[in-house]
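Student: I'd like to learn how to read a fold like this one. Can we go through it together?

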Amino acid sequence: MPDTNAFSPFDDAWQQLAAAGLDPADAARISDAVAWALPQYGDQLAVSGEPLANHAAGVVRILAGLQSDAATRIAALLVTLPADLSVPAPPLRNDPLAAEFGAEIARLVQGARALLRLGLMARHASDSEAGSGDQKEMQRKMLLAMAADLRIVLMRLASRLQTLRWHAASKVPCSPAFARETMDLYAPLANRLGIWQVKWEMEDLSFRFLDPDRYKQIAKLLEEKRVEREAFIAHAVERLQTTLAQAGIPAEVSGRPKHIYSIWNKMRIKNLEFSQLYDLRALRVIVDDVRACYTVLGMVHDMWTPYSEEFDDYISRPKPNGYRSLHTVVTDEDGRQFEIQIRTREMHQFAEYGMAAHWRYKEAGAKGGQVEASSDYDRQLSWMRQLLAWNSEIEAGDAPTGTGNAADGQGDESGGNATTGSAGASEGGSPNSPATRGRRRTAQPIAQSSNRIYVLTPQARVIELPEGATPVDFAYHLHTDLGHRCRGARVDGQMVPLQTKLSTGQTVEIIAAKAGSPSRDWLNPQLGFLASPRARAKVRMWFNAIELQQRINTGQSMVEKELQRLGKTAVNLEQLAQSLGFARADDLYVAVAKDEFSLRQIDSVFQQPVPEPEPEAADLANAHSAESAARSGKSGVLVVGVGSLLTQLARCCRPAPPDEIAGFVTRGRGVSIHRTNCHSYKALAAREPERIIDVAWGDTSDTFYPVDISVHAQDRSGLLRDLSEVFARQRLNVVGVNTQSRQSLAHMIFTVEVRGGDSLTKALSALAEVPGVTSAVRG
């Protein structure tokens, strides 16, 4: 039994609170852990200035309030002891804590310290992206991936809350960065787990440090109306209790506390004044079963006038994080609105403690929570796997003000610990705890939740990779060129082979040559260099590009030698390729190198004159320029009710058969023909409707019409060539190209001449099949 003098935080009152809900054997284990750890705390302080012993005692009190098990409370005592986080954790068989307290507690302590190590790295991150929203999401995932046991996360939340409480109680200033980190990461994580008791208090305390003026202003407004509000609530509670008792419905009726940050948040989001908030007055009714919830709801609506727009049934439609309750807003005889929440005891337990209480409730059975799970670790691992299934979830906001809240944001704060030259396992050396804004929790297969890992760059940027990823995968994720030049890697400061499989939480540094190329061995799956399909595709693309260039060089050499033999070295190679049916000279070279084109056909270009084709047998591609509507001025459009009248196709929408068209009479340039859905035409028609004229397509069988085709694609080498090949295969003449590239995305607008809708449809379908193309549509 530890010394319980007046100066010790581990006094008799603390012992009772710390052992609440535990059997005598577990209570004795906590006392033994205190006796073992107390001499090691000594007078050491955390970086916040809080004594380490103080912090440990406060964290255990919070965990006891969350109804955690004995192992979690003991681990929280031990993780607060000073430790050098730069030294890797020893194997459990060599860990003194495992020998003294068992493998389970030692595993919890090691897990919590791993998170502290992550936090220290993130706090000193030098990468400009490390603090971005995407990186916070990665840090959240990484934290949960490292904390395979839910109890480790509970310990981190309790340590952070204790830090905040200590700052408030001691009046020691809390840094805005610390409070902001709590608001951005820890409070959303508590919300994700449904531990609103912790969430609300964290938000209130962080708000108090981030914006003390507004905090004091709202606190003052609450205090000014406190007497009136408490009198109203007391009267409403008494009236409702009497009515329920007369109806024979057992129920607990009480006022519901309000939270300063939630009040401010609602005022800010809904642009309301303090006096406009209806739920400053609120009651909570706790009954035995779901049927009683709806019975009470009916009685409440009989007693007071319901406000239909503010009714929520979270019992039949629970919130994404599992919260269940009935919420209704009613108005009394004096027109005063107030909120009433109705729920069962189980729902209330979950609303107070979230998942931490949910599994405990389920396992308690008839013995009221005194039975410990047979597989404690597996149970919580299952919960964490569900939490990790975030990749395909739908984002949802935090629980709204007045929903599922628990204890008021009272209590004082306290800081973490860490000593000079080492980082104690509590808040002062704590990690950037990854937490996210409330997200939908869906029951997804475990296989989906465990196939990602999260590793760090030397600048503490978190990188998400597939399970089994290697340093080569990591390099290609950072940059394609870095992957090509990758020659070695350090993991946590140690040189490792490139086939080494990475694990969550490791720091990876790539050793790269100034110039280099990938190895073909990397594409051999049996050698294990690459696990990422994305990285494998980049390596394959590099070799494909090299092979293509080699064929181009070989084919060009063969064509030039043939031209030398023919004495035609001054010929334009691009024109020669086009005369042979190729879009570009490079395509000719590749065909020659692959032995798909005979060099003898080059001689025929010079030896035989090209005969003038008969009109009926003319090549469509060669006929474009002669029969183009843009060049000949023959639009093929008939103006209804008018004989010969000059018409011209509008360039803004480029109509072509069989588009629905309309005419607009211009001043001095005849009739301008537009597509009926053209924005310019609609504006002209709205401004001068009297100049609209009916038109229709006449004989267009021999006419080619210019149309715009808009192509969006991932920019890559050879993209324009591949698209040009499509037009060549479709025998479409390209008369204009406009390209733009930005951040590896390409937007190209091709103006091509088509004879009708069928040829355009075929071209769009063919373009959509080109690798990298995301869309190909009519312009």
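Student: Which residue takes a positive phi just after helix 28?

Tutor: Keep in mind that this is a predicted model. Just after helix 28, arginine 731 has a positive phi of about 60°. Look at helix 13 as well: asparagine 271 follows that helix, and its phi is positive too, near 55°.

Student: How do I read burial along a helix, say which residues of helix 28 are buried?

Tutor: Start with the general idea: an α-helix has 3.6 residues a turn, so residues three or four places apart point the same way. Now the case here: helix 28 spans residues 719–729, and its buried residues are Leu719, Arg721, Asp722, Leu723, Val726 and Phe727.

Student: And how many residues of helix 13 are buried?

Tutor: Eight of 11, so to speak a mostly covered helix, running over residues 260–270. The buried ones are Ile260, Tyr261, Ser262, Ile263, Trp264, Asn265, Lys266 and Met267.

Student: What about the cores: which residues have the most contacts inside the largest nonpolar one?

Tutor: In soluble globular proteins, nonpolar side chains tend to be buried together. In this chain the largest nonpolar core has 61 residues, and Phe10, Trp14, Tyr41, Leu77, Leu78 and Leu157 have the most contacts inside it. Helix 8 (residues 150–170) gives the most to this core, with 10 residues. Another core, of 26 residues, lies apart from it, with Val287, Ala292, Met299 and Leu326 among them.

Student: How many helices and strands does the chain have?

Tutor: There are 29 helices and 21 strands. Of the chain's 779 residues, 49% are buried.

How values were computed
Residues are numbered from 1 along each chain as its sequence is written. This is a predicted model: local features need pLDDT of at least 70, side-chain atom pairs count only at pLDDT 80 or more; totals for chains, interfaces and linings use all residues. Side-chain values use heavy atoms; hydrogens and water are left out. Buried means under 20% relative accessible area, exposed over 50%, partly exposed in between (1.4 Å probe, protein chains only). Helices (H or I, at least four residues) and strands (E, at least two) are DSSP runs, numbered from the N terminus. A nonpolar core is a set of buried Ala, Val, Leu, Ile, Met, Phe, Trp, Tyr and Cys residues joined through side-chain atoms within 4.5 Å.
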